[in-house]
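Me: I have a model open and would like to go through it with you. Could we begin with what the burial terms mean?

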Amino acid sequence: MSIDVFNNFLNESSKIVVFTGAGISTESGIPDFRSPTGIWTKNQPIEFREFLSSEEIRIEFWKRKFAIDATISKAKPNSGHIAISKLNKMGKVSKVITQNIDNLHQNSGISSDDVIELHGNTTYAKCLDCEMKFELELIKKLFEKTNKPPYCNDCGGIIKTATISFGQSMPKIEMLRAEEATLSCDLFFAIGSSLQVYPAASFPIIAKNNGARLIILNREETDLDKYADLVIHNEIGSFLSENLPLLS
Ligand code: NAD
Ligand code: ZN
């Protein structure tokens with residue numbers, strides 16, 4: 001991989017879309033899914049239909065959520081998030097499409113208008129029927145007291161974190177915004193994703209088919225490496241923070 005090629009691609013682009021996965025947040029202490037230390041080595045994910053099907057599974061869902069929250073609430077943006085935020089401030093990066101639910105792009109200083117969250121956000125909860133929002137603090141207190149999963153006090157519906165589980169429909173507005181950003185970019189930069197989760201992983205291909213360049217930065221190979229104009233197998237934080245100053 002030539003660093004000159006990387007710099008040329010960035011310099012020649014005026015509308016970059018950055019697409020991130022769990023890999024960008026591992027250096028902030030949040031485990032990803034598929035790495036050897038990833039969440040999946042301990043727990044298989046709870047699918048949406050399972051969540052709906054039993055109260056016991058919902059109890060397990062909330063237990064896991066509050067356990068990972070202890071990590072997520074302490075996590076701070078790392079040098080990878082900060083590098084992307086700088087590119088956004090320079091006007092180079094128009095939008096960040098993220099599969100992450102940890103709010104770290106927003107915490108790195110990128111306006112929430114420029115962050116498209118494909119898989120939702122874990123910092124609040126919603127009623128699945130009437131969409132009323134709920135603060136987690138309240139839910140946690142009640143859960144710890146009763147060990148029962150929460151129900152909406154307005155309509156009785158099931159409450160879930162505002163994240164998208166496997167098998168749950170994708171958020172319509174975010175999907176449209178992501179498609180619009182992808183179709184208008186001249187460089188699509190995928191960072192820290194195994195690019196195996198669809199439909200999210202279809203965006204790099206849409207960009208490429210629409211004439212944009214594609215760069216993939218990930219420690220390991222991904223299924224989409226063969227489509228990319230440049231593949232960088234490296235650590236995200238160190239690579240971005242060391243190479244960003246070369247931008248003219
Ligand atoms: P993934 O676990 O499938 O892939 C992460 C990739 O990042 C891996 O290929 C790994 O090799 C690479 N990676 C990890 N740390 C890296 C580093 N420091 N430098 C370079 N590469 C690194 O994650 P995914 O593709 O995002 O898909 C899984 C799903 O997991 C997503 O839908 C997302 O919603 C969810 N998730 C989110 C978070 C979060 O919000 N931080 C955490 C775990 C899972
Ligand atoms: Zn409700």
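Reply: A residue is called buried when its relative accessible area is under 20%, exposed when the value is over 50%, and partly exposed in between. Please keep in mind that this is a predicted model.

Me: Then is Leu10 buried or exposed?

Reply: Leu10 counts as buried, because its relative accessibility is 1% and the limit for that class is under 20%. The residue belongs to helix 1, which covers residues 3-12.

Me: And how far is Leu10 from Leu87?

Reply: Their C-alpha atoms are separated by 9.8 Å, while the two residues are 77 positions apart along the chain.

Me: Let us turn to the metal. Which residues coordinate the zinc ion (ligand 2)?

Reply: The donors are the SG atoms of Cys127, Cys130, Cys152 and Cys155, at 2.3 to 2.4 Å. Along the sequence, these donor residues follow the spacing C-x2-C-x21-C-x2-C.

Me: Which parts of the chain does the pair Cys130 and Cys155 tie together?

Reply: Cys130 sits in the loop between strand 4 (120-127) and strand 5 (133-134), and Cys155 in the loop between helix 6 (136-146) and strand 6 (159-163), so the pair links parts that are 25 residues apart in sequence.

Me: What is the arrangement of the donors around that zinc ion?

Reply: The arrangement is tetrahedral, because the 4 donor atoms subtend angles of 99 to 118 degrees at the zinc ion (ligand 2). For comparison, the ideal angle for four tetrahedral donors is 109.5 degrees.

Me: How accessible are Cys130 and Cys155?

Reply: Cys130 is partly exposed at 35% relative accessibility. Cys155 also falls in the partly exposed class, with 39%.

Me: What about Asn153: buried or exposed?

Reply: Asn153 is exposed, since its relative accessibility is 67%. It lies in the loop between helix 6 and strand 6. Leaving aside neighbours within four places in sequence, Asn153 is in contact with Met132 and Phe134.

Me: Switching to the backbone, what is the phi of Glu131?

Reply: Phi of Glu131 is near 65 degrees, a positive value in a residue that is not glycine. Most residues other than glycine have a negative phi. Glu131 is located in the loop between strand 4 and strand 5, and its relative accessible area of 53% makes it exposed.

Me: And what is the phi of Leu195?

Reply: Leu195 has a positive phi of about 55 degrees, although it is not a glycine. This residue lies in the loop between strand 7 and helix 8. Leu195 is buried, with a relative accessible area of 0%.

Me: Which residues does the cis peptide bond join?

Reply: It joins Tyr198 and Pro199, with omega at about 10 degrees. Pro199 is in the loop between strand 7 (187-191) and helix 8. As background, most peptide bonds are trans.

Me: On to helix packing. How do the axes of helix 7 and helix 8 cross?

Reply: Helix 7 (residues 172-184) and helix 8 (residues 202-209) have axes that come within 9 Å and cross at roughly 35 degrees. The crossing is right-handed. Helix 7 contributes Met175, Ala178, Glu179, Thr182 and Leu183 to the contact, and helix 8 contributes Phe203, Ile206 and Ala207. By class, the contact has 6 nonpolar, 1 polar and 1 charged residues.

Me: Last topic: where does His119 lie, and is it buried or exposed?

Reply: His119 is in the loop between strand 3 (115-117) and strand 4. At 13% relative accessible area, His119 is buried. Its contacts beyond four places in sequence include Thr98, Gln99, Ile101, Met170 and Val197.

Definitions and conventions:
Residues are numbered from 1 along each chain as its sequence is written. Chains are lettered from A and ligands numbered from 1 in the order in which they are written. This is a predicted model: local features need pLDDT of at least 70, side-chain atom pairs count only at pLDDT 80 or more; totals for chains, interfaces and linings use all residues. Side-chain values use heavy atoms; hydrogens and water are left out. Axes are lines fitted to C-alpha atoms, for helices over the stretch in contact, and angles run from 0 to 180 degrees between N-to-C directions. Helices (H or I, at least four residues) and strands (E, at least two) are DSSP runs, numbered from the N terminus. A crossing is left-handed if the near helix is turned anticlockwise from the far one by less than a right angle, and right-handed if clockwise. Contact means heavy atoms within 4.5 Å. Ala, Val, Leu, Ile, Met, Phe, Trp, Tyr, Cys and Pro count as nonpolar, Asp, Glu, Lys and Arg as charged, and the others, Gly among them, as polar. Donors are N, O and S atoms within 2.8 Å of the metal (3.2 Å for Na, K and Ca); water is not among the atoms, so sites may look incomplete. Four donors count as tetrahedral if all angles lie between 85 and 135 degrees; four count as square planar and six as octahedral if opposite donors are over 155 degrees apart and all others between 65 and 115; anything else is irregular. Buried means under 20% relative accessible area, exposed over 50%, partly exposed in between (1.4 Å probe, protein chains only).
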